[in-house]
Amino acid sequence: MKNKKFYVTTPIYYVNDKPHIGHAYTTILADVLARYHQMAQEEVFFLTGLDEHGQKVQQAAQKREMSYQAHCDDLAPRFIQLWEKLGIRYDDFIRTTQERHIKTVQHILQKVYEAGDIYQDEYEGWYSVAEERFITETEKDSGQFRDVKILKERNWFFKMSEYQDKLVDYIYEHPEFIQPEHRRNEILGFLKQPLGDLCISRPKSRMDWGIELPFDKEYVTYVWFDALINYITAPGYLDDPKKFKKWWPADVHLIGKDILTTHCVYWSTMLLSLKLPLPKTIFAHGWWLVGETKMSKSLGNVINPLDLIDQYGVEPVRYYLMREMVLGQDAQFTLESFIKRFNSDLANDFGNLLNRVSGLVGKYFDGCIPDQSHLMQADLDIRKQAMALEEKVRDYVNHFHINEAIEEILELVRATNKYVEHQAPWKVAKESLNSAGRILYTAMEALRISAVLLSPVMPQKTHIVLDVLGAVGSTPKWGELKINTKLKTHEALFPRLEVKSNEKGT
RNA sequence: CGCGGGAUAGAGCAGCCAGGUAGCUCGUCAGGCUCAUAACCUGAAGGUCAGAGGUUCAAAUCCUCUUCCCGCAACCA
């Protein structure tokens, strides 16, 4: 049987500023998904990268008195280094200034142009002289823009409207296409209005940092038309048909809720025009809110979550971000909840389970994994729960409920702690070493399976656990522990964090 | 009447689509255990499920209205 493939993307991040928690979150999420699918024996392609054209980049570069490309080259490593720090294992890193991408975009522009889906017209709208861009009616009414005037400009347009009906039908026929569901409704609501055509050019006179239109040298491409194409550039749309056929359509485009319309509407209609299949799922996650709405004054502790990495380690941060964010909702990032999560889940439950079990095995079995012999009811209960876990986790992950997958694993960890407590092998051992061995074997198997299933979230820490158990490379199937294996010594996995008692009220 | 989502114990969430004793984690209180990272286990307190009305033998769950919060309303990534 041929392995399934899994192609996951993050947005390509815009290099007008340094990476922040939003970038980190999406990328970790993609990484975790990629690793789970790898664990399920699927072939995975994980793409991330940078969006380097457009007005904001131009402005940022000008401000720094650098060339556009130099500015991009300066920022790119910051992203790459952060991904290294976060343990991100991507397969390709695309930058829209790369030759492969520019060629692909120009090829597509030419193709769409020749197919008659691009035409020239005059764009008229409110233009902010200060911002050097057109603004929407809503933006104009907000009164936040000065020097606003009506401006007419000749531009090239993509016939997005042609594909409106097709797109609406597609969304209705594919409930999994846009997730979560309320985002899908949002797009369907948006598409109830007649869709206009998309202006896809910018005159060089106004903005020249972009990909030149192959059929009109006076213009560069609008940055979104450029950026979205990255998803097919990387798997080889232009120059590697075999590779492209293997990976496209993408299984998941992960995005923030702020770029929902561009992906669901612009990108989809572009693909429809190109007669390419649409991605299977576009998943929009929520945003991290740091603390309260206005947190500055009372506590003076405006926390940049990235700082936590240096202080507490990468993996607790990965764990926290994955565990705490629910579906496509927003979530609050507070140091208090981070520490609570760390102590209760990682230190008290998971780390401590390893500690107590390995301690007992050291004490009564000379550090060697004992034989399980035949299991009693309580043992069978744990085994049953552990054996059912893999499928539950897979199911949750496939539906993007990472937090629930993690919770399900922690339930096994907690149940195992409970089991050890109730079975009291330290007492049993005085009468029957055999029975104590059975209990400890069962607990260690449950721990091992928990570690395997948590490994996509915390690859390094779970590796330590598996290494201690002599079970690196094992699967979530029951019974892979090797009897008589000598346990390795280890430090506390997640030493408890002291609660700083200077917080008040929050 | 623009479209849509939400309001469940001190906190964060599940349950709602397929009505039938209100559940999980954290926190609090009281015990227990002592193998373990002052950890773990047992038990308890705490909710008129935003409010009002309706359907039903039965509503957190379905319907209507009200209040409050939030998202979207396109050419900026």
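Strand β2 (residues 43-51) is mostly covered, since eight of its nine residues are buried, where buried means under 20% relative accessible area, exposed over 50% and partly exposed in between, with a 1.4 Å probe and protein chains only. The structure is a predicted model, in which local features need pLDDT of at least 70 and side-chain atom pairs count only at pLDDT 80 or more, while totals for chains, interfaces and linings use all residues. Residues are numbered from 1 along each chain as its sequence is written, chains are lettered from A and ligands numbered from 1 in the order in which they are written, and side-chain values use heavy atoms, with hydrogens and water left out. Helices (H or I, at least four residues) and strands (E, at least two) are DSSP runs numbered from the N terminus, and two strands pair if DSSP finds at least two bridges between them.

Strand β2 belongs to an open sheet of six strands, ordered β3-β2-β1-β12-β13-β7 with parallel pairing, in which β3 and β7 (178-179) are the edge strands, each pairing on one side only. Eight bridges join β2 to β1, the two running parallel, and F46 in β2 is the bridge partner of V8. In β12, the bridge partner of V8 is V252; here β1 (residues 5-14) and β12 (residues 252-256) pair in the parallel sense over two bridges. Strand β2 also pairs with β3 in the parallel sense, over four bridges, with T48 standing opposite F93 in β3. In a regular strand the side chains alternate between the two faces of the sheet. In β3, D92 and I94 point one way and F93 and R95 the other way, and all are buried.

Two loop threonines were examined next. T97 lies in the loop between β3 (92-95) and α4 (99-114) and is buried, with a relative accessible area of 16%. Its side chain makes a polar contact with the side chain of Q69 at 3.5 Å, a polar contact being a pair of N or O atoms within 3.5 Å of which, within protein, one must be able to donate a hydrogen and the other to accept it, residues adjacent in sequence counting only if both atoms are side-chain atoms. Residues up to four places away in sequence not being counted, T97 touches E52, H53, Q69, I102 and W209, where contact means heavy atoms within 4.5 Å. T281, found in the loop between α11 (260-273) and β13 (282-285), counts as buried at 6% relative accessibility. Leaving aside neighbours within four places in sequence, T281 is in contact with residues including E176, F177, V252 and F400.

A further open sheet has four strands in the order β5-β4-β6-β8, with antiparallel pairing, and its edge strands, β5 (133-135) and β8 (198-199), each pair on one side only. Within this sheet, β4 (residues 118-128) and β6 (residues 148-158) pair in the antiparallel sense over 11 bridges, and D121 stands opposite N155 in β6.

Among the helices, the 22 residues of α17 (residues 402-423) should span 32 Å at 1.5 Å a residue, and the end C-alpha atoms are 32 Å apart, which agrees; the expected span is 1.5 Å times one less than the number of residues. Just after α17, A424 takes a positive phi of about 45°.
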